[in-house]
Amino acid sequence: MIKEPLSGPAKDLYMKVVDGFKVSMEYSTVNPWDLSYMFIIDIRRIEMSSEDLKGDEVLDVLARASNVNYIELKEDWDKLSIEERKDVIHRIVGAMASLGLMSAFGSIAIYAEPYKKEEILRTASKYYERKISYDEMVSEIEDVLWPTRREKIRYWRFIENYRKAMSLAVYLPEAVVRAIIDVYLISMIRFQMFDNIYYLPSVYPNLLS
Amino acid sequence: MKLKPLTGPALDLFEKVVMGYRDYMEYSSIPPWVLSHFFIEDLKQALEEPGSLKGDAVVNVLVMASHVDYSKLMTDWYKLSIEERGMVVSRIATAMAVMGLTSLLGSMATYLDPREKEEIMRVATKYYEGKISYDEMVSEIENIIWPKEEEKNLDWNHVENYRKGMSLAEYLPKELVRKMVGVYLIKWIRLQQTDGLWVLPSVYPRFPE
């Protein structure tokens, strides 16, 4: 499951983009899962275009996503073969999807009402035990969060964002998605049920800065 | 193990303070674990005053911590017996300790470098399995983050904040602390090992329902 670690300019590029993206997520007014979705779509569009990864169009997207200077990224980019570029882009997309999806699941585990959390835990456990598919789990959780037709109509924009966030799973291996759900929707909710502690912090600032 | 759920004005007061405190944590420039330590100390000090639960000294601390209007909290406070006041204040202190300690453990799992995270997970596992005490774990983790005396001296402010944060465990049941370590220092770090990406989000904005 563990990939071969990146090294040299590929690692430098990956670190600059992913660390920069993480910091942008902290300060952005856009939700992390929306940011991830938006940038991944942009990257995928370029990957599939005729320009693909031979040129540096994708660097514009990476520079915007990470707030790192275009020239700094280009220095690493130019040192990479096409194969290495594909690999590093694939990993950056994985990291963005992972960050967005974890933030969305974490948010649900923190903010949903206690009785909803318990229902979500039950649904997530069914998925984890392979009794239902990922898509079925997503749909069941949607019905827990917005149970009535009226709520679905009223909050259609939130529902759309929820679906976009959940769709980030397509960029991740199934085992990783399962591990994310195990941590955020099972362990974190179960932890809150212990001792009736239904409150968790939503921020984890760097302890060294 | 489960505590008796709060009801009526006790629950109202608890929710106002805890939710207000959680929001305040998000926007404060002070790390959540330092904030929690500070307000718990303030509460303890206020409670030491004779007849403290009869007056409003405690409420003044709760107002500062939650940024909820004084008169709103007093409305609930007046409806509680002295015993109920003591119980709700104790639960609020517990909630503050949970949020502060959780945020610190989560911060370590999020920001340290992969090698440090792996070492911390090994130490946390020893504690989780009952092979070392909580204090021993705290001290071993401190030596992982700041391995040399020189580093501790240079970074004394962060070391002091780390110690304050970890000392919040004294306000919590042992089993709860163990579970917390299990989720944040073991599960969160193991999740990052699963995909080898070593990324976790540091913000979980409210998921709108």
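Student: How many helices and how many strands are there in chain A?

Tutor: Chain A has 10 helices and zero strands, where a helix is a DSSP run of H or I at least four residues long, a strand is a run of E of at least two, and both are numbered from the N terminus. This is a predicted model, in which local features need pLDDT of at least 70 and side-chain atom pairs count only at pLDDT 80 or more, while totals for chains, interfaces and linings use all residues. Residues are numbered from 1 along each chain as its sequence is written, and chains are lettered from A and ligands numbered from 1 in the order in which they are written.

Student: What makes chain A as compact as a globular protein of that length?

Tutor: Its radius of gyration, taken over C-alpha atoms, is 19 Å, close to the 17 Å that the globule rule (2.2 Å times the number of residues to the power 0.38) gives for 209 residues, so chain A is as compact as a globular protein of that length. Along its principal axes, the C-alpha trace of chain A spans about 55 × 40 × 35 Å.

Student: What share of chain A counts as buried?

Tutor: Of its 209 residues, 41% count as buried, a class that requires 20 or more other C-beta atoms, placed from the backbone, within 10 Å of a residue's own.

Student: How do you know how helix 2 and helix 3 of chain B are oriented?

Tutor: The axes of helix 2 (residues 32-48) and helix 3 (residues 57-66) of chain B, which are lines fitted to C-alpha atoms over the stretch in contact, come within 9 Å and cross at roughly 170 degrees on a scale from 0 to 180 degrees between N-to-C directions. Angles over 145 degrees count as roughly antiparallel, so helix 2 of chain B is roughly antiparallel to helix 3 of chain B.

Student: Which residues of the two helices meet?

Tutor: With contact defined as C-beta atoms, placed from the backbone, within 7 Å, B:Phe39, B:Asp42, B:Leu43, B:Ala46 and B:Leu47 in helix 2 of chain B meet B:Ala57, B:Val58, B:Val61 and B:Ala65 in helix 3 of chain B. By class, this contact has eight nonpolar, no polar and one charged residues, with Ala, Val, Leu, Ile, Met, Phe, Trp, Tyr, Cys and Pro as nonpolar, Asp, Glu, Lys and Arg as charged, and the others, Gly among them, as polar.

Student: How many residues of chain B are in contact with chain A, and which helix gives the most?

Tutor: The contact joins 46 residues of chain B to 46 residues of chain A, and helix 5 of chain B gives the most to the chain B side, with 11 residues. That side has 29 nonpolar, nine polar and eight charged residues.

Notes
Angles under 35 degrees count as roughly parallel, over 145 as roughly antiparallel, 65 to 115 as roughly perpendicular and the rest as oblique. A residue is buried if 20 or more other C-beta atoms lie within 10 Å of its own, exposed if 12 or fewer, and partly exposed in between; C-beta atoms are placed from the backbone.
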